[in-house]
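Work through the exercises below with the sequence and the structure side by side, and try each task before reading its solution.

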Amino acid sequence: MDDYLDALFEHVRTLNPGEDVFHQAVHEVLESLGPALVKNPQYRDAGILERMIEPERQIVFRVPWIDDYGKVQVHRGYRVEYNSALGPYKGGLRFHPSVNISIVKFLGFEQIFKNSLTRQGIGGGKGGSNFDPHGKSDNEVMRFCQSFMTELYRHIGEYTDVPAGDIGVGAREIGYMFGQYKRLTNRYEAGVLTGKGLGWGGSLARTEATGYGTVLFAESMMHQHGEGFDGQRVVVSGSGNVAIYAIEKAQQLGATVVSFSDSSGYVVDEEGVDVDLLRQIKEVERGRVSDYVDHKSSAELVTGGSVWDVPCTVALPCATQNELDEAAARTLVNNGVKVVAEGANMPCTPEAVEIFQLAECLFAPGKAANAGGVATSALEMEQNASREQWSFDKAEAKLTKIMKTIHDECAETAEAYGQPGDYVLGANIAGFTRVADAMLAQGIV
């Protein structure tokens, strides 16, 4: 980075002490943008980056609720409305004990560029709470969601801010929050939340979209080099929504997915993952990956080491931020990995990314590769506005086209800036310039 960008990053660190994950996300973007600022000096003159790295609004609030034993519980809620230059704030809600302001700001900052790449007229935002729905009864989750929405509702709306799901927030949680929003506002505003149930405004293919989109982006990268998923050996981290549907799409395209994981360990299934069994365990029974081996004789549970110890040609990190570090990246490269596509948000550490790039692996950053989820959320908003529900095939066809367009724009941008094959630079500059141009047009706001 040049002196200007170095000084800007130091300003971010000083203004946001202790927010290491947010600092990491900002640095990852800034170190790509030097060439764009040289080519477009008007961005620097107008203070575009100074404004872009500062959220338009940060909301932090108390969430009190009563558990099944009559005890009052108190959690903290967040919503960071980061940038609205391209449209209403759009981004998920994460319910997980690890959630804090640094994580929410990192996710919201990433969302600006991700949403820009979809070309769908949506700004960047993110939110959540340190509440953990795991192990809670449906009634406890309902009471928490109602309390959470009792504060959040005043800050959102289909033309203002449209939350969706993320880790810990699925159709159940979205349903409870939507019901409370409807009660508080006396409006059936279908477009205010996405990830809704199919019977009341949801979109077919939304559940599958992030995982499918990650694989579709990776497939586009591979096609550039005359390859595809057929015959590839794939390892996926995580076992939630993104991981399940990344597994499903990879296997539809002819790959064999041999491993997946959760916080208790990872499963190796050399016959290939039975995605229907995994879906039943995780989505219906809300179980653990250890339950999978009880039903599949070819599967083995490993409780030590890392899922990235399993040899593969394609790695899809689909769990959480910074899950794949330098040591794991070296192991993957030594074991012959050729393609890495981020299904989660920033799952690879900067050191891991550098190793993949030096080894000339095809590497897809999350802001491009996992944009399928928010893209299909925007398609859900489009269906809500017209009071339609498209077929699964129509929604998936639109998703496929969007992911191909994102891939091509990232590849073309990297080529234009003299770094062919650098999808990190391509995604960052392509996403940035669209937002920057809109900010220039709208004045100093």
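## Exercise 1: the annotated site

Thr210, in this predicted model, is part of helix α9, which covers residues 206-223.

**Task.** Find which residues the UniProt annotation "binding site" covers, and work out why they gather at one spot.

**Solution.** The unreviewed UniProt entry places this annotation on Thr210 and Asn241. Although they span 32 residues in sequence, no two of their C-alpha atoms are more than 8.2 Å apart, so they gather at one spot.

Next, take the surroundings of each residue in turn. Thr210 has a relative accessible area of 10%, and because buried means under 20%, Thr210 counts as buried. Leaving aside neighbours within four places in sequence, Thr210 is in contact with Val242, Gly343, Asn370, Gly372 and Gly373.

Asn241 belongs to helix α10 (residues 241-252), and with a relative accessible area of 32% Asn241 is partly exposed. Residues up to four places away in sequence not counted, Asn241 touches Thr207 and Glu283, and the side chain of Asn241 reaches the backbone oxygen of Thr207 at 3.0 Å.

## Exercise 2: a covered strand

**Task.** Determine how many residues of strand β4 (residues 123-129) are buried, and which strands are joined to β4 by bridges.

**Solution.** In β4, 7 of its 7 residues are buried. In a regular strand, side chains alternate between the two faces of the sheet. On one side of β4 lie Gly123, Gly125, Gly127 and Ser129, on the other Gly124, Lys126 and Gly128, and both faces are covered.

Strand β2 (residues 72-83) runs antiparallel to β4 and is joined to β4 by 6 bridges, with Asn83 opposite Gly124. Strand β3 (residues 89-95) runs parallel to β4, through 5 bridges, and Leu93 has Gly127 as its bridge partner. Finally, β3, helix α6 (residues 101-118) and β4 form a right-handed β-α-β unit.

Methods
Residues numbered from 1 in each chain as written. Predicted model: local features only at pLDDT ≥ 70, side-chain atom pairs only at ≥ 80, totals over all residues. Heavy atoms only, no water. UniProt positions renumbered as here; feature names shortened; annotations may be inferred. Helix = DSSP H or I, 4+ residues; strand = E, 2+ residues; numbered from the N terminus. Buried < 20%, exposed > 50% of the residue type's maximum accessible area, 1.4 Å probe, protein only. Contact = heavy atoms within 4.5 Å. Polar contact = N/O pair within 3.5 Å; in protein donor to acceptor, adjacent residues only side chain to side chain. Pairing = 2+ DSSP bridges. Right-handed = clockwise from strand over helix to strand, strands pointing away.
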